[in-house]
Structures are given as structure tokens and as C-alpha cells.
Amino acid sequence: MKKLMLAAIAAMALAQPAAGAATSAASVKALHALFDSEWERGLRENPETASFLGDTRFNDRWADLSPEAIERSHQGDLVARRKLAAIWRQGLPKDEQLNYDLFRKQLDFSIEGYRFRGFVMPVSPINWSGFGGASQLAQAIRFATAKDYEDWLKRLGAYGAYVDQHIALMKRGLKEGRVPPKVTMQRIPRQVDAQIVQNPEDSPLYAPFRNFPASMDAAQQEALRTRGREAIRTSVIPAWQHFKQFFEAEYLPGCRDAISAETLPDGAALYAFQVRLMTTTDLTPDQIHDIGLKEVERIRREMEKIKAKVGFAGPMQEFFTSLRSDPKFYYAKPDDLLNGYRVIAKRVDPELARLFGRLPRTPYGVKAIPEDEAPNSTTAYYYPPAEDGSRPGWFYANTYKLETRPSWEMEALSLHESVPGHHLQIALAQELGELPKFRRNNGYTAFVEGWGLYSESLGEDLGMYQDPYSKFGQLTYEMWRAVRLVVDTGIHHKRWTREQAIAFFKENAAKTENDIAVEVDRYISWPAQALAYKIGQLKIRELRTRAEQKLADRFDVRAFHDVVLGSGAVPLDVLERNVDAWIAAVAAKKG
């Protein structure tokens, strides 16, 4: 029956009569009306996302995670897909057909994903969202008016109810057998303890009350501080205490011992779906595993060349140990590490014009990852700017355990997280005003992270990697992403143990043991996400090689990069069509 319904919907889209310009214009208008209404629905249902984007209309509330609201959202997706199917796709201009297809793909993924009920597992030690990510929200919002503080106070007051909704979902997950692996969830209690503070001013959620706009007088500031402390004392801290009691007494003991996603209900289908979602390809887990093994071998050969170049005579494992342990590669102070990243950024910025015809207007900066996140966070991450320009992009670097943050990885990491990586790509996408908002602000992981990894390979062109150890750092980071293909599919499809995954990682990459453990737990917690990086990078590299070979001396790297980035983040098959069309257009030009 379901297949018949889908066939009928598809037929509706195809069976429209021939139409002229008026019908086409009406279809475009209907399409964009749907885009706009669905974007608004998304912001209403996800007020935290709205806040991150700089939309302040919903700053006084959290997302509704009640079963009724979750079902309502799913039904909203089904209605949107029916409305989309009623619009005559063939009557749309080519660029609008692409918008149509990408919107349909987004809806299809959301609708298909609902069956796996990931919403009953709302807490992860690696990818905190919801109430656990509120400290990031406190940093993202621009507090400029009294209303901004009033909205935040309302959110603090509702924090307990929001946590209760998470607990209710987790209880449903326990009943359904949909729970995370126990080995990774054992990290949670330490994170929770960091939130249960004696002094409300020590809470990360108190941060907005540390700085006020100059327009506020001292009495108003003090009144807001007092209310902020009271809200944290009476709402936030008790909520965390309640969560800790539930988590330690009920949830953690009920988490599963197995780590493979395929051990969840309908797990094989779940992992296959996650692979398609994250890579935007039809590659199977076995195919991706084999690609990873081949990439590990190739990069290993490049590493051997660097080891020989620096005159290290021992085996690769000893070289890894030397890189992990030699004090000359480590900073002694957090500020020195951050300043090191800032110096790299300043070296790269003026070189970008040689590789890109279009650069973003939005600036970026470098910050330390917040202390409460750092012990369980990766080495660095990027935080996008607000769409309205009220907040820059931020490259967050981890200053926890400086003895695990070697300097030889810093250039590659900077290129990935800031420019020409995530900041350049995401800020440019936000500035593509002709695209619908869902395209400017949503991303396909394979494209976004594939571009970030590809950006690391541009280091030589940008004057980086003059030090062979930094070049080895770039190879280490590429190896890290190749290892991910093997380890993620190994864990979730081939049923590797956590120990097997860590051992394979240590054998092939110079990452520190702390980083390796955090990374492996990330793959366990977030199935298939780690596959996107290398799969995306390999496709971009394949397309560049194709363009270089077909266009020869007519190949322009600046134009190539502008084509890759010019449509925002897209699935890899769409990217390939865009690049092939550009190659054909350049080849067809005379002279």
C-alpha cells in the first residue's frame, strides 16, 4: 500500500499538463511559499536553532520534546511532502528544479529517519544537544537589550521541564531497547557533575550575566544578576541533580553492552540509512571499509617519505611515539596555544585570493573550547556565524591537557576549521542570498566535512607545511579520516570491539591516546558521521583531477573552487553534475 501511495504521489508531479510562463511562475511562487512556511515551522519547532542563527523571536523557550510534539513534527513533514508533490516540477526553471529536488531529499531523509526513533536517545557524551548544549547557546546569543536577558531568564525558569522531557524520552528508549552503548555513556556523570555547582555564578548558564551593554544602568544589571543566580539555584541546578539521579540509578545500568549500531532494533537498516545520509552516496559499509583500507596504505607510504626526510631511522610506531612525547611539540600555557592558532590564521588570510575568486565578508576568530566541554570534546571545532551578521564564526580549540595538543597538527587543523575550510565554505553559503534559506543554512555532512578535509590539502599552495613535521601533521589528519572509514564500519557493521578500533587507530595514526579514545567513542556514539569526511574529500579531489585533465592549461583553480562552493552544500552527485557542467562550458569556449 505504501509503495502504491508513493507511486501515486510521483504521478501527480509528472502528470501536469503543458503550461506556459504563467503556470511556471505560479509553480515557482508555490514552491518558495512552501520553502518559507517550512523554514518558519522549523524555527518554531527548534527555537535553539533559531537562536543560533540570530533569530531572536523564540529566545524565551526550548523545543517541545513531548511525544505529541514529536509526532506533530513528523506529520508536518508528511504534509510538506504532499504539498511539494502537488507542485509541477517539470514546469520549473532548472535552478528551481534543483531547489525542489534538494528539498524533497531533505524531507525524505527526515521521514525515513523517523522510523528509527533516534529521538528516544537524546543524550550523547560526544554530541550534546538540547539541555546539555545550553552553555553553547549562552555564548551564541547576542545579549544587547533587557528583553534578551528576560528571554534567557524564561529559558532558565523552564529548564527543569525541558530536562524532564529528555528523561521521559530516555525512559521510552529503555522500554524499547533503544539505548546508547554503556561504554560511552560512562563519560556522562563527569559532565553532569561539572554542572552541579555550589555557586550559581559558576554555572556556564550564568555567562550572560557577566557582561551587560553600556546602556543598562548599574541597578538594572544587579537586578538581572540576582534573578539569574536565583533561576540557576532553583531551576537549573535541581534539574541537573534530578537528571544525575535518574541517569545513574536507571539509565546507565540499562544501556547496552554492545557498541554496534546494528545491534539496535532494526539496526542493520538504521546503519545503512545513516551511511546514505552522511555520505549522500549508495556506497555500502563493506565498500567504504575497503576504500578506507586502501587509503590507509596510500597515506602510510607518504608518511614513510616524511619520516625518512627528517632522518628518523626507527619504525613508524617509534616515530609516532616520538611525535606524541617530545616536549618541543607542546605548549605550556593555554593562551600560547590559542595565539599559535591565531598566528596561523593571519598567515593564511592574505593568501586566499590566489585560490578563490569569491571570499566571505563575515569574519572569524579563535576561542578556547569551554572548560565544561573540553574533557570530552575533540581537538577543535567550528561554530558558524549568525545569519544576520550579529556574530562572527568561531574556531574553537581545545586547551584541555596541553600535553595532548601537539604543534605539528595545528596548521592542518586551522585550514580545516577556519579558512579555507569550514568558515570560508559556511560563511559563503550564508551569503548566497539568491538561495532559499534551507539551502543557505543546512548542510550535507559529506560536502561540508569533505570540503574541510580537502582544504587541508591546500596547505602548500597557501604557504603552509614548510616544516616537514607540519606536513606530517597534515598526513596524520588525512590518515585519521581514512582510519575512520575502517573503524566506523568495523565497529558498526563488522562488530569490532572498542579495543580493536583503538588498536587499529594507534597502529596507523600519530594522534595522542587521549584523542584516539575520544574519537573512537565518538564513532560509537554517532554512527556513520565520521564516514562523511573522507568520502566527500575523495569526490572533490576526483572532480578536480578530472577538470585538470580535461581542461589542461585552461584549468583555473580559482574558478574550480568557486564552482564547488557556489551552490552551497549539496549532495555529492549534485556537486559532480555542477562541476561536469562547468568543465563542458569551459571546454566549449573558443580561444
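Author: Arg117 lies in the loop that links α5 (94-114) and α6 (134-140). The model is a predicted one. Is Arg117 buried or exposed? Its relative accessibility is 16%, so Arg117 counts as buried; the cut-off for that is under 20%. Which residues does Arg117 touch, once neighbours within four places in sequence are set aside? They are Arg172, Glu176 and Arg178.

Two of these partners lead on to a helix. Helix α8 spans residues 159-176. Its packing partner here is helix α11, residues 218-254. The axes are 9 Å apart, and the angle is about 10 degrees. Angles under 35 degrees count as roughly parallel, so α8 and α11 are roughly parallel to each other. From α8, the contact draws on Tyr159, Gly160, Val163, Asp164, Ile167, Met170, Lys171 and Leu174. From α11 come Ser235, Val236, Ala239, Trp240, His242, Phe243, Phe246, Phe247, Glu250, Tyr251 and Gly254. By class, the residues of this contact are 12 nonpolar, 4 polar and 3 charged.

Helix α11 also packs against helix α7, residues 146-157. Here the angle is about 15 degrees, with the axes 9 Å apart. α7 and α11 are therefore roughly parallel to each other. Their crossing is left-handed. On the α7 side, the contact uses Ala146, Tyr149, Glu150, Leu153, Leu156 and Gly157. On the α11 side, it uses Gln220, Leu224, Arg227, Gly228, Ala231, Ile232, Ser235 and Val236. This contact of α7 with α11 holds 8 nonpolar, 4 polar and 2 charged residues.

Now the cores. In soluble globular proteins, nonpolar side chains tend to be buried together. The largest nonpolar core in this model has 114 residues. Phe472, Phe560 and Leu575 have the most contacts inside it. Helix α20, residues 468-492, gives the most to this core, with 11 residues. What does Leu575 touch, not counting residues up to four places away in sequence? Its contacts are Phe447, Ile540, Leu543, Val564 and Val570.

A second core is separate and has 46 residues. Among them are Trp62, Met185, Phe243 and Phe246.

Technical notes:
Residues numbered from 1 in each chain as written. Predicted model: local features only at pLDDT ≥ 70, side-chain atom pairs only at ≥ 80, totals over all residues. Heavy atoms only, no water. Axes fitted to C-alpha atoms, helices over the stretch in contact; angles between N-to-C directions. Helix = DSSP H or I, 4+ residues; strand = E, 2+ residues; numbered from the N terminus. Parallel < 35°, antiparallel > 145°, perpendicular 65-115°, else oblique. Contact = heavy atoms within 4.5 Å. Nonpolar A, V, L, I, M, F, W, Y, C, P; charged D, E, K, R; others polar. Left-handed = near helix turned anticlockwise from the far one by under 90°. Core = buried A, V, L, I, M, F, W, Y, C linked by side-chain atoms within 4.5 Å. Buried < 20%, exposed > 50% of the residue type's maximum accessible area, 1.4 Å probe, protein only.
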